[in-house]
Amino acid sequence: MKGEDCETDFPKLPALQKIETYAITGDKNIQMADNSFSDGIPSDSLEAAKNASNTEKLADQVMQNPQVLAALQERLDSVSHTPSSYIETLPKAVKRRINALKQLQVKCAHIEAKFYEEVHDLERKYAALYQPLFDKRREFITGDAEPTDAESEWHSENEEEDKLAGDIKNKAVIAEKEAAAAEEPNPKGIPEFWFTIFRNVDMLSELVQEYDEPILKHLQDIKVKFSDPGQPMSFVLEFHFESNDYFTNSVLTKTYKMKSEPDKADPFSFEGPEIVDCDGCTIDWKKGKNVTVKTIKKKQKHKGRGTVRTITKQVPNDSFFNFFSPLKASGDGESLDEDSEFTLASDFEIGHFFRERIVPRAVLYFTGEAIEDDDNFEEGEEGEEEELEGDEEGEDEDDAEINPKKEPSQPSECKQQ
């Protein structure tokens, strides 16, 4: 038959097969052959002949469509220019040398892992130097100690302006303010210091529920403790609370376990130490004060008698204090579902943020200065990217024509990492 002759005389190349597949699946308007059967011819043979004939017709129509051919050619060109396809074209001797380079890269990754282990030892050393300052910080916050005049002296950027404004004030107004200041209350320490930080930092405020707030007002200090020498790499967050009506613990802890070694299955993905798991602690809640659960009433109907009874049941409740009952990373090789992976990644991010940012720079998160620095840094990055795009596309001139009075942007200040 005609279809069989075509297949015999003109064997199809892979590119033509792709074109035929595209034509069969993509062109919905082409009429298909008649489905009737001929006498004495097996149905499968007839069907094969029809398919071959239809394929040939579709291929001819596609070959006459320059837009389809251009799209297919572009697709094939993009595939042929990938780095992996380029490597495949290299001689075996060159591939052999590339494999040797990969072996060297793996050794570099292991050396880098050792470097980060020593960095962890250095962090432990300097944490001991920071701790006396953090202990004094806690004393000032709680009111256990009062700073001296020298310790409390701070020169602000607006000090000269404030001094000039003070010199020209009316003496009567000054006297009135001094009298009011004398009557001003003098609370102990810095009330709600850490709770204010929780409110200021979006990452933390999203976790805090309204019923968590009275508990967090009793938080007096947060400390970071690094693992001892010779022990697996980890750090512990300690949340110190004063006596309260909610739980009997004086300290709540969260331990983050870290790993600084390349993955055997994917050593080139190593970028430094990573948190791999975390452990919480048991909170000894006082009766009726556990905010991590809520009690609901549920009606049950007896199947036989039809009677209805009401039972009470405790179910999980959103709360910051679920932070101390973390999801465990899978250690048996089984992968977590998408929601669990997201929850675990968020937990690791929060722990890292406490360690790297909040604890070392607590006063700046209390005043909001650290948050403003973070915002300015992000805006600076975006602004630079927009400016580069504007240079490429000539948008700067357009902006000048639209807004001739627009002042040149000032360079953003760099923030301390």
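Among contacts in the protein (heavy atoms within 4.5 Å) between residues at least 6 apart in sequence, 60% join residues at least 24 apart. The model is predicted, so local features need pLDDT of at least 70 and side-chain atom pairs count only at pLDDT 80 or more, while totals for chains, interfaces and linings use all residues. Residues are numbered from 1 along each chain as its sequence is written, and side-chain values use heavy atoms, with hydrogens and water left out.

The protein has 417 residues, and 26% of them count as buried, meaning under 20% relative accessible area with a 1.4 Å probe and protein chains only; exposed means over 50%, and partly exposed lies in between. Its accessible surface, computed by the Shrake-Rupley method with a 1.4 Å probe, is about 30700 Å², and carbon and sulfur atoms account for 51% of that. The protein contains 15 helices and six strands. These are DSSP runs numbered from the N terminus: H or I over at least four residues for helices, E over at least two for strands.

Four of the strands make an open sheet in the order β1-β2-β3-β4, with antiparallel pairing; two strands pair if DSSP finds at least two bridges between them. At the edges are β1 (219-226) and β4 (274-279), each of which pairs on one side only. On average, neighbouring strands of this sheet are turned by 20° against each other, direction ignored. Between β1 and β2 (residues 234-241), which run antiparallel, there are seven bridges. F226 is placed opposite F235 in β2.

Two helices pack on this sheet. Helix α9 (residues 193-200) touches β1 and β2, and its direction makes about 75° with that of β1. Helix α12 (residues 338-358) touches β1, β2, β3 (251-259) and β4, and makes about 75° with the direction of β2. For such angles, axes are lines fitted to C-alpha atoms, for helices over the stretch in contact, and the angles run from 0 to 180 degrees between N-to-C directions.

Strands β5 (residues 293-301) and β6 (residues 308-316) pair in the antiparallel sense over nine bridges. I296 stands opposite K313 in β6. The two strands, β5 and β6, form a hairpin with six residues between them, and G306 in the turn has a positive phi of about 80°.

Elsewhere, L129 lies in helix α6 (residues 92-142). L129 is exposed, with a relative accessible area of 54%.
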